[in-house]
Amino acid sequence: MNILITGASRGIGLATAKKLVAKGHNVGLFATNTATLENAVKDRVLKKALKKNRIIIGQLDVTQPDLWDDAITQMIDSFGAIDVLINNAGVLVTGTLPTTDLNEQLSLIDINCKGVLIGCHKLAPYLADSQDGKILNLSSASAIYGQSEVAAYSASKFFVRGLTEGLNIEYEKLGIKVIDVMPLWVKSDMTKDINVTSIERLGVNLSVNDVAKTMCKLTISPNRKIKSTHYSVGMPAKVFQKLSQVTPDSLIRWVNTKVGAE
């Protein structure tokens, strides 16, 4: 398979790329910072694949439609086709909303929402030509119920969730499966040294490899075997998701005040 991954220079994106390359797939690793990407592919597995022309790297600011066109061209020129898009790029801003920098929050919306939307728009014609074309969007357990101290981030993941659900229906006629992955807090550069009440109370119990394992499995699975739209990672996220399906909002809100800030 030929897979395009955004935000692939570190964290979940890089871990997923390593697993896919190790299984013999062709992967395009794209990120805003190409210097970080160049350093990332010094990894033994990726370096070997690079020499065999099974991976490519490229600069991609997901908020810029023209740069998406460039990334697509790179993929087609190198691999001939694109089978899977993994919308992984994302940022996090923490703190109560009035105490955070507004420009940082607006940039978060651009990256986490517009970036995913542009990717889903641009890649559809190419994925439709694949036997098992699919889009994996990295969402979050914070898309189950709005989270304090990360309200804008949580809202951006609700956007991802809603877009995924809508396109899962809309793209079915194109033969494209659209799904998302919803982990709780993951130990990564994004969560390093941040101060959020829910982390203090729940801890950070997932590694990037835990999420990458799920991402890899879904990426290479035949579309006919993918029955759900949302895939939670980690027991707490799975429990929260199940509860949200049968529990009144008032109770879910109460649980969230106990997990997050009161």
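This structure holds 4 salt bridges (a side-chain nitrogen of Lys or Arg within 4 Å of a carboxyl oxygen of Asp or Glu). It's a predicted model, so local features need pLDDT of at least 70 and side-chain atom pairs count only at pLDDT 80 or more, while totals for chains, interfaces and linings use all residues. Residues are numbered from 1 along each chain as its sequence is written, and side-chain values use heavy atoms, leaving out hydrogens and water.

**Salt bridges**
- Lys 18 pairs up with Asp 43, with the closest N and O atoms 3.4 Å apart.
- Lys 18 sits in helix α1 (residues 11–22) and Asp 43 in the loop between α2 (34–40) and α3 (44–51), so this pair ties together parts 25 residues apart in sequence. (Helices are DSSP runs of H or I, at least four residues; strands are runs of E, at least two; both are numbered from the N terminus.)
- Lys 114 and Asp 110 meet at 3.1 Å, N to O; both lie in helix α5, 4 residues apart, about one turn of the helix.

**Strand β4**
- β4 runs parallel to β1 (residues 2–6), joined by 3 bridges, and parallel to β5 (residues 134–138), joined by 4 bridges. (Strands pair if DSSP finds at least two bridges between them.)
- Val 84 stands opposite Ile 3 in β1, and its bridge partner in β5 is Lys 134.
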